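Here is a short briefing for a first look at this structure. Keep the sequence and the 3D view open as you read.

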Amino acid sequence: AVGGGTLLVKDGKPAPITHPVNGLHPRSAIGTDATGKILYMVTVDGRQMKSKGMTLQELTQLLIQLGVHNAINMDGGGSTTLVAKELTTDKLEVVNRVSDGGLRNVINAIGVHSSAPAAEIGGLIIQSPDKNVFVGTSRTFTVKAYDKNYNAANIDTSKIRWTVSGVQGRFDGNTFYPSSSGYGTITATYNNSISASYNIHVLDAPASLSLSTKNIHVAKDDMVKLSLTGKDASGYSASISLTDARWSIPDGIASITPDGLKALKKGSG
């Protein structure tokens, strides 16, 4: 059991506010649909540039729009925190932006734990570091899976078939090499039965390049992470794999790897 107040929604309609907390603030609420079988746990961020927060009346209207039939207000403000397990992983993470800048110590919480057993594959999620990519470069995709009970699931990635529509290009395993610009859709199909799609924007050649740093000081045999970004004539940008660029490094003092620069010997340039 956990306390709350005021009621916000009663039988699908706004309820009288009996415990007013006026103003725009982060909010937490919990409610059910008309059947009483679907539980809604809702947070609204506030007190920040990206989200000012809501009044209790605005929160009430949001809940009704979401399909909530009965709902109660919970502790809000800096206590508003939503933790969830993203699909395809067993790791819990804070998924909202808490207004204090860090987690506040609170005395209670509501948790939902699934005891559902492992089941057959239910879906796929395609992930990539960037939705934009330049012609003549590459973009590597990864696929993660979840089962029909929403547990993280392992799959045999050798059974994934990759295709693209809307633009031209080829795949080498899970890496795509576009040869024409435009908007396209990447599709991964597992075992010829379950598919997922990912939208990409293929840009023409970059008009400029920028490195994440202009000065590197590193000891021999150490590694420095680097990132390379291109921007086209229209202002669109995309990350570029380090191995897709041609590098000039004096006297072989370093080498470029997919992750960054590795120092090989003493020198500068």
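Does Asp221 count as buried, partly exposed or exposed? Asp221 counts as partly exposed, because its relative accessibility is 48%, between the 20% and 50% cut-offs. The model is predicted. The points below cover sheets, backbone geometry, salt bridges and a surface patch.

**The five-stranded sheet**

- Five strands make an open sheet in the order β2-β1-β5-β3-β4. Their pairing is antiparallel.
- β2 (13-14) and β4 (39-44) are the edge strands. Each has a single partner strand, so one side of each has no neighbour in the sheet.
- Strand β3 (residues 27-32) runs antiparallel to β4. Six bridges join the two strands.
- Ser28 has Thr43 as its bridge partner in β4.
- Helix α1 (residues 56-66) lies across β1 (7-10), β2, β3, β4 and β5 (70-74). The helix runs at about 35° to β1.
- Strands of a sheet pair through backbone hydrogen bonds, in either a parallel or an antiparallel sense.
- Side chains in a regular strand alternate between the two faces of the sheet.

**Pairings of β23**

- Strand β23 (residues 260-263) pairs with strand β19 (residues 223-225). These two run antiparallel, and three bridges join them.
- Met223 has Lys262 as its bridge partner in β23.
- β23 also pairs with strand β22 (residues 254-256). This pairing is antiparallel too, over three bridges.
- Ile256 has Leu261 as its bridge partner in β23.
- A hairpin of three residues leads from β22 to β23.

**Backbone geometry to check**

- Most residues other than glycine have a negative phi, and most peptide bonds are trans.
- Thr6 sits in the segment before β1.
- Asp11 is in the loop between β1 and β2. Asp11 counts as partly exposed, because its relative accessibility is 48%.
- Tyr150 is in the loop between β11 (142-147) and β12 (152-153). Tyr150 counts as exposed, because its relative accessibility is 54%.

**Salt bridges**

- How many salt bridges does the count come to? The count comes to four, with a cut-off of 4 Å between nitrogen and oxygen. The pairs below are among them.
- Glu93 and Lys91 meet through their side chains, at 3.9 Å from N to O. Glu93 counts as partly exposed, because its relative accessibility is 36%. Lys91 is exposed, because its relative accessible area is 51%.
- Lys148 forms a salt bridge with Glu120, with the closest N and O atoms 3.8 Å apart. Lys148 is in the loop between β11 and β12, and Glu120 is in the loop between β7 and β8, so this pair ties together parts 28 residues apart in sequence.
- Lys148 is exposed, because its relative accessible area is 52%. Glu120 is exposed as well, because its relative accessible area is 55%.
- Asp221 forms a salt bridge with Lys220, with the closest N and O atoms 3.2 Å apart. Lys220 is exposed, because its relative accessible area is 51%. Asp221 is the partly exposed residue of the opening question.

**A nonpolar patch**

- Which residues form a nonpolar patch on the surface? The patch consists of Val2, Leu39, Met41, Ile110 and Val112. Together they have about 420 Å² of accessible area.
- Val112 lies in the loop between β7 (92-94) and β8 (121-127). Val112 counts as exposed, because its relative accessibility is 63%.
- Glu120 of the salt bridge with Lys148 also lies in the loop between β7 and β8.

Conventions: Residues numbered from 1 in each chain as written. Predicted model: local features only at pLDDT ≥ 70, side-chain atom pairs only at ≥ 80, totals over all residues. Heavy atoms only, no water. Patch = residues over 30% accessible without salt bridge, like charges linked within 9 Å, V, L, I, M, F, W, Y side chains within 5 Å. Areas by Shrake-Rupley, 256 points an atom, 1.4 Å probe, with all protein chains shown as cover. Helix = DSSP H or I, 4+ residues; strand = E, 2+ residues; numbered from the N terminus. Buried < 20%, exposed > 50% of the residue type's maximum accessible area, 1.4 Å probe, protein only. Pairing = 2+ DSSP bridges. Contact = heavy atoms within 4.5 Å. Axes fitted to C-alpha atoms, helices over the stretch in contact; angles between N-to-C directions.
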